[in-house]
Amino acid sequence: MASSSTSVVVSNKEKENKNTKKVTLKSSDGESFEVDESVAMESQTIKHIIEDGCANNEIPLPNVTSGILSRVIEYCKKHKEAAGESEPSVTSYTSNSTTNPLTEWDTEFVKVDQNTLFDLILAANYLDIKGLLDLTCKTVADMMKGKTPQEIRETFHIKNDYTPEEEAEVRKENQWAFE
Amino acid sequence: MGEEAEIDRLPIDLLAHIFVLITSFTDLAQARSVCKKWKQGVKQSLARRETLSFAGWKMDDDSTARLVRHAYNLKELDMYTTLLSLLISDTFPFSKLCPFVFLIYYEFVRMVVNTVKISV
């Protein structure tokens with residue numbers, strides 16, 4: 001599980017003479033990640049910092065660990081690239097073949113343990129990256145589908161803090177949702 | 001069973017964000033019953049919703065009123081089937097009155113709904 005910070009920087013060096021503007025992000029555990037400014041600006045939080053002229057050397061992100069930050073950067077890069085190639089892939093929806101390639105990538109991206117998933121939600125919220133926030137939250141929402149409260153508690157290890165009376169009352173209020 | 005509830009690290013407003021993405025009222029109802037924090041989260045998620053559809057559900061007027069009261073950011077409300085199911089329900093008084101009175105009530109609702117750009 002070594003950090004993959006080097007792989008993040010690589011593709012930038014492969015670019016031609018185009019002088020793409022870079023920015024350095026620093027995780028809470030002190031690791032630095034150099035990324036294209038345009039990729040970093042997928043985060044509205046970072047975008048505002050840059051636009052306010054406060055991004056001198058590095059942008060510190062005290063709420064995000066290196067492990068999570070590298071994943072977030074991976075997401076932003078992928079989605080930025082996809083946005084760049086705006087081919088008319090609309091036609092692919094009509095053919096029975098496949099889903100939008102990014103959908104599959106996204107699905108794989110969120111196949112992580114709960115701990116990482118919640119870290120990603122918190123990071124996406126802090127960094128204000130709507131696509132990532134919606135993706136991760138939808139993943140959690142899907143984990144609840146069709147489950148009873150007890151099953152949900154077991155899935156997420158949640159403690160039931162209702163008294164029996166309170167629980168009965170909530171169940172009564174919920175009657176309308178069940179035929 | 002000493003596993004920690006990692007999901008407890010999420011503040012209520014992020015829980016609400018998750019619940020907004022739940023489309024089934026059954027699932028929402030189940031979420032409310034999980035624990036007190038989640039009950040708050042569901043309540044907040046109703047406030048945030050821009051659309052609320054009761055299509056297919058048989059609601060009584062108490063529950064409908066409660067849900068709509070919480071959903072104060074509503075831009076779209078599918079009222080048609082709600083009204084129909086209210087008609088059928090025993091708790092809805094207007095079904096017992098003459099159709100004319102009900103029509104006036106219905107038109108009033110439509111007017112309110114159109115004023116606030118809610119579709120019927």
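Glu166(A) and Lys36(B) join their side chains in a salt bridge, at 3.5 Å from N to O; the term covers a side-chain nitrogen of Lys or Arg within 4 Å of a carboxyl oxygen of Asp or Glu. Three salt bridges are found by this rule across the interface of chain A and chain B. The model is predicted: local features need pLDDT of at least 70, side-chain atom pairs count only at pLDDT 80 or more, and totals for chains, interfaces and linings use all residues. Residues are numbered from 1 along each chain as its sequence is written.

**Interface**

- Helices H6 (114-127), H7 (130-144), H8 (149-156) and H9 (164-173) of chain A each give two or more residues to the side that touches chain B; helices are DSSP runs of H or I with at least four residues, strands runs of E with at least two, numbered from the N terminus.
- H7(A) gives the most to that side, with seven residues.
- Chain A brings 35 residues to the contact and chain B 34 residues, where contact means heavy atoms within 4.5 Å.
- Between them, chain A and chain B bury about 3,300 Å², with 64% of it on carbon and sulfur atoms; this is the accessible area (1.4 Å probe) lost on being put together, summed over both parts.

**Chain A**

- Nine helices and three strands make up the secondary structure of chain A.
- From the N terminus, the order of elements in chain A is α-β-β-α-α-β-α-α-α-α-α-α.
- Chain A has 179 residues, of which 36% count as buried, meaning under 20% relative accessible area (1.4 Å probe, protein chains only).

Technical notes
Chains are lettered from A and ligands numbered from 1 in the order in which they are written. Side-chain values use heavy atoms; hydrogens and water are left out. Buried means under 20% relative accessible area, exposed over 50%, partly exposed in between (1.4 Å probe, protein chains only). Buried area is the accessible area (1.4 Å probe) that two parts lose on being put together, summed over both.
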